[in-house]
Amino acid sequence: MLIDWLKGRKRRRKVPVKPIITNGKDKENDKEKENDQQRDDSQMKKKPINYVKQKRSKCNIFLEIVFLFTGSILLFFCFLDAPIQPVTFKLPPPPIFEGSLSPNTKLQSAKILLKGKVFGPESLAIKDGVIYTGTGDGQLIAINGTDVNNIASFHANQDSEKILCGLADVEHICGRPLGLRFDKSGSSLYVAEAYSGLYKINLTSGTARHLSKHNDQQIGDRMQFVNDLDVTSDGVVYFTDSSSRWQRRDNVYLISEGSSNGRIFKYDPITDRTEVVLEDLAFPNGVQLSPDEDFLLFSEMI
């Protein structure tokens, strides 16, 4: 029995295990499936990588353009000569707005007169109900009710008649009358013309006299921006030159620079001379004599 059992066990050990046999076609299909799967996996892995690379390259191009553009602008301004020479200044504390300085709304009820008929009026002088003013196209006009009449022209030459006056680029050619005042008699009108100086116009005879020229050698630096004026009872004229460096058409540069090269002049009709009363002023603008003519008020724009 034991011998028979051992013989049977040996037989079982000698029996080989038969392998699973597959066809050649099945092997090829399996390989194709594996290749397809590997190809899909590689594509899935590569797609986000390619997308990130593409997106990153666009960002880099955009940043390079911004960098080059900004750098070009900075280089341009580094080599560009600025027309202004800015200075630092500190304003004093503002006054308390009370009493005569209290805010009011009176101008909110003002009415616009002669809209479209008068261009850029500046200072006003009134006599016998007639309003005299200078306009942006270089004219001195008289307004009587709804009638507007030209009194004088401050054009530099006859060629300016062919120019479209009223633009800043040609203002020095067309002229710009600013401050106006009548004398004590009311027969003569004093005019501060921004580019050429101080005038006296006799409204009765229609004649004009150039009292103080912008390039007068007596005053040192030439006037560049004649602005406002006032007249004493004996015909002495105080007037402002807002800058000895910038003309009125360049007033933006004057404000941006903040320089103090403005002056107040005094014209004496007896000596027919102009002299400097005050200098080193920051954009002096309006001037006003006191009622007793014992002091002069003036304003600085900056």
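Me: Is Glu171 buried or exposed in this model?
Reply: The model is a predicted one, and in it Glu171 has a relative accessibility of 7%. Because buried means under 20% relative accessible area, Glu171 counts as buried.

Me: With which residue does Glu171 form a salt bridge whose closest N and O atoms are 2.7 Å apart?
Reply: Glu171 sits in helix α3, residues 171-174, and its partner lies in the loop between β10 and α4. The pair links distant parts of the chain, 77 residues apart. With the closest N and O atoms at 2.7 Å, the partner of Glu171 is Arg248.

Me: Which residues are joined with Glu171 into one network of salt bridges?
Reply: A search of the whole structure finds eight salt bridges. Salt bridges that share partners join Glu171 into one network with Glu122, Arg176 and Arg248.

Me: How many residues apart in sequence are the parts tied together by Asp241 and Arg263?
Reply: The side chains of Asp241 and Arg263 meet in a salt bridge, at 3.0 Å from N to O. Asp241 is buried at 0% relative accessibility, and Arg263 is buried too, with a relative accessible area of 6%. Asp241 lies in strand β10 and Arg263 in strand β11 (residues 262-268), so the pair ties together parts whose separation in sequence is 22 residues.

Me: Which residue forms a salt bridge with Arg245?
Reply: Arg245, in the loop between β10 and α4, is tied to a residue of helix α4, twelve residues apart in sequence. The closest N and O atoms are 3.1 Å apart, and the partner of Arg245 is Glu257.

Me: What separates the C-alpha atoms of Asp250 and Asp169?
Reply: Asp250 lies in the loop between β10 and α4, where this residue is partly exposed, with a relative accessible area of 23%. Asp250 and Asp169 are 81 residues apart along the chain, and their C-alpha atoms are separated by 9.6 Å.

Me: With the side chain of which residue does the side chain of Ser290 make a polar contact?
Reply: Ser290 is placed in the loop between β13 (284-289) and β14 (296-300), and at 6% relative accessibility this serine counts as buried. The polar contact of Ser290, at 2.5 Å, is with Asp294.

How values were computed:
Residues are numbered from 1 along each chain as its sequence is written. This is a predicted model: local features need pLDDT of at least 70, side-chain atom pairs count only at pLDDT 80 or more; totals for chains, interfaces and linings use all residues. Side-chain values use heavy atoms; hydrogens and water are left out. Helices (H or I, at least four residues) and strands (E, at least two) are DSSP runs, numbered from the N terminus. Buried means under 20% relative accessible area, exposed over 50%, partly exposed in between (1.4 Å probe, protein chains only). A polar contact is a pair of N or O atoms within 3.5 Å; within protein, one must be able to donate a hydrogen and the other to accept it, and residues adjacent in sequence count only if both atoms are side-chain atoms. A salt bridge is a side-chain nitrogen of Lys or Arg within 4 Å of a carboxyl oxygen of Asp or Glu.
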